[in-house]
Amino acid sequence: MFERFTSDERAIEGLPVRLVIALVVGIASLSVMMNTIGGLTALGVTELDVKPQPEVIPEGDGEVTVTVVTPEGEAVSNATVVAKDGTATLSEIRPAKTGPNGTATLQLSPSLGPNQKEGTVTLDVKPPAGGGYTDDRENTKVLVVADQSS
């Protein structure tokens, strides 16, 4: 019987293939389990967005009032809104904290490049600590338009 195992080449060739298959299946199963566990922590987290007013501003100095909202439209206080360059350029990053009504006012001075008729200012949100909020998705942007009078 021992001689049968030593002369059977299929068992020797098939063993590494079976081990590789078992390893791949095990890693795939572990990956699915880790994603499930990671998703459980995100279940109690609410994604935030911003509602800028006005949504379109001219190039140059302008004031934008931003409301930080939940998907249900509820305003969120104590969040920090940060205005940064998008396709329009800001001289510096502008942060502002939302008040009790969930709004913050930003003084922006966006500029556009040569022959650029429009651009955007990006708005990011740093959620308040301990509130169960996150800001992982892209937020509404402010559209900057060039002065068309000249």
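Reply: Let's start on strand S4, where Thr67 is the bridge partner of Lys51. Before going on: this is a predicted model, so local features need pLDDT of at least 70 and side-chain atom pairs count only at pLDDT 80 or more, while totals for chains, interfaces and linings use all residues. Residues are numbered from 1 along each chain as its sequence is written, and side-chain values use heavy atoms, with hydrogens and water left out.

Strands here are DSSP runs of E, at least two residues long, and helices are runs of H or I with at least four, both numbered from the N terminus. Two strands pair if DSSP finds at least two bridges between them. S4 pairs with strand S2 (residues 49-53) in the antiparallel sense, over 5 bridges. S4 also runs antiparallel to S7, and 6 bridges join these two. Within that pairing, Val66 has Ala104 in S7 as its bridge partner.

How much of S4 is covered? Mostly it is: 6 of its 8 residues are buried. Buried means under 20% relative accessible area, exposed means over 50%, and partly exposed is in between (1.4 Å probe, protein chains only).

Contact means heavy atoms within 4.5 Å, and if you skip its neighbours within four places in sequence, Val66 is in contact with Val50, Lys51, Pro52, Val81, Gly102, Thr103, Ala104, Leu106 and Leu123.

Val66 also belongs to a nonpolar core, which is a set of buried Ala, Val, Leu, Ile, Met, Phe, Trp, Tyr and Cys residues joined through side-chain atoms within 4.5 Å. The largest core has 23 residues, and those touching the most other members are Val66, Val68, Ala83, Leu106, Leu108, Val121 and Leu123. At least two residues of this core come from each of strands S4 (62-69), S5 (80-85), S7 (103-108), S8 (118-126) and S10 (142-145).

Now for some charged side chains. Those of opposite charge can pair when their charged atoms come close. A salt bridge is a side-chain nitrogen of Lys or Arg within 4 Å of a carboxyl oxygen of Asp or Glu, and the whole structure has 3 of them. One joins Asp124 and Lys84, at 2.7 Å from N to O. That pair links distant parts of the chain, with Asp124 in strand S8 and Lys84 in strand S5, 40 residues apart. Asp124 is partly exposed at 26% relative accessible area, and Lys84 is partly exposed too, at 30%.

Another salt bridge links Lys141 and Glu138, at 2.9 Å from N to O. Here Lys141 counts as partly exposed at 33%, whereas Glu138 is exposed at 62%. Glu92 and Arg94 also form a salt bridge, their closest N and O atoms being 3.8 Å apart. Glu92 is partly exposed at 43%, and Arg94 is partly exposed at 27%.

Last stop: the loop between S8 and strand S9 (133-134), where you'll find Gly131. Gly131 counts as partly exposed because its relative accessible area is 38%.
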